[in-house]
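User: Hi! I have a chain open here and would like to talk through its side chains with you. Could you keep the answers plain?

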Amino acid sequence: MSRKPELRGRAARLARLIPSGSGQAARTPFVLLIVLLLGGGLIGLLVLNSALSEGAFKLDDLQDDTKSLTDEEQALQRDVDAYSAPDALQRRARELGMVPGGDPAFLNPDGTVRGIPEAAQQSSVRVPLVLSPKKPASTPKQKPKPTPKATPTPKQSPKPAASQAASPQAQPRTPSTQPPTPPGR
């Protein structure tokens with residue numbers, strides 16, 4: 001049977017400074033805390049990595065959408081440019097029965113007319129056929145609209161100038177003599 005010897009004097013004072021007991025009980029909570037912190041950090045990194053990957057996939061999809069929409073915008077802009085070209089506008093105007101106007105007359109602020117107004121004349125110049133630009137394949141084909149044909153108006157007897165000035169609505173309007181003006185102009 002082993003019994004610890006009893007210490008005296010200086011040895012007894014030193015022995016009281018050293019803890020007596022095993023250090024095993026104090027290490028267990030510390031080790032568990034370290035393991036939990038490391039595990040939580042690893043799980044946090046995994047969640048962060050998954051979120052970044054998901055964001056990268058969304059970014060890639062959005063870049064593809066942007067590219068396709070940019071291509072579509074450029075195709076539509078080419079169509080608009082082709083339709084607004086001067087030769088295409090002239091062709092469409094002739095299809096609608098419009099003719100080039102003559103010399104214009106202007107009203108002065110005092111109400112007098114400057115210039116001699118004259119009606120537009122149908123010219124005999126043939127315009128070369130210009131094909132309209134191709135439409136994208138994604139749009140359904142529409143039936144072409146029939147163009148209105150100008151009907152000849154019967155000759156009317158000349159009216160006095162006073163009655164024509166009093167009622168401008170009495171004069172017949174035909175597409176071949178007076179082109180329609182767009183609203184706001």
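User: Let's start with E95: buried, partly exposed or exposed?
Analyst: E95 counts as partly exposed, because its relative accessibility is 31%. Buried here means under 20% relative accessible area, exposed means over 50%, and partly exposed lies in between, with a 1.4 Å probe and protein chains only. Please keep in mind that this is a predicted model, where local features need pLDDT of at least 70, side-chain atom pairs count only at pLDDT 80 or more, and totals for chains, interfaces and linings use all residues. Side-chain values use heavy atoms, with hydrogens and water left out, and residues are numbered from 1 along each chain as its sequence is written.

User: Good to know. Which residues are linked with E95 in a network of salt bridges?
Analyst: R91 and R92 are linked with E95 in that network. A salt bridge is a side-chain nitrogen of Lys or Arg within 4 Å of a carboxyl oxygen of Asp or Glu. R91 meets E95 at 2.8 Å, N to O, and R92 meets E95 at 2.9 Å, N to O.

User: Why can such side chains pair at all?
Analyst: Side chains of opposite charge can pair when their charged atoms come close.

User: And how far apart are they along the helix, say E95 and R92?
Analyst: E95 and R92 are three residues apart in helix α3, so about one helical turn separates them. R91 and E95 are four residues apart in helix α3, also about one turn. That helix covers residues 86-95; helices are DSSP runs of H or I with at least four residues, strands are runs of E with at least two, and both are numbered from the N terminus.

User: How many salt bridges does the structure hold?
Analyst: Three. One of them joins E54 and K58, at 3.7 Å, N to O. E54 and K58 are four residues apart in helix α2, so they are separated by about one helical turn. E54 is partly exposed, with a relative accessible area of 46%.

User: Switching topic: which residues gather in a patch of negative charge?
Analyst: D60, D61, D64 and D65 gather there, on the surface. Patches use residues with over 30% relative accessible area and no salt bridge, joining like charges within 9 Å and nonpolar side chains (Val, Leu, Ile, Met, Phe, Trp, Tyr) within 5 Å. D65 lies in helix α2, residues 24-83, and is partly exposed at 42% relative accessible area.

User: And which residues form the nonpolar patch?
Analyst: F30, V31, L33, I34, V35, L37 and L38 form it on the surface, with about 690 Å² of accessible area together. L38 is found in helix α2 and is exposed, with a relative accessible area of 56%.

User: Last one: what pattern does the chain follow along the sequence?
Analyst: The pattern is α-α-α-β-β-α, with four helices and two strands. Of the chain's 185 residues, 4% count as buried.

Key. Areas by Shrake-Rupley, 256 points an atom, 1.4 Å probe, with all protein chains shown as cover. Lys, Arg positive; Asp, Glu negative; His and termini not counted. Charge placed at Lys NZ, Arg CZ, Asp CG, Glu CD.
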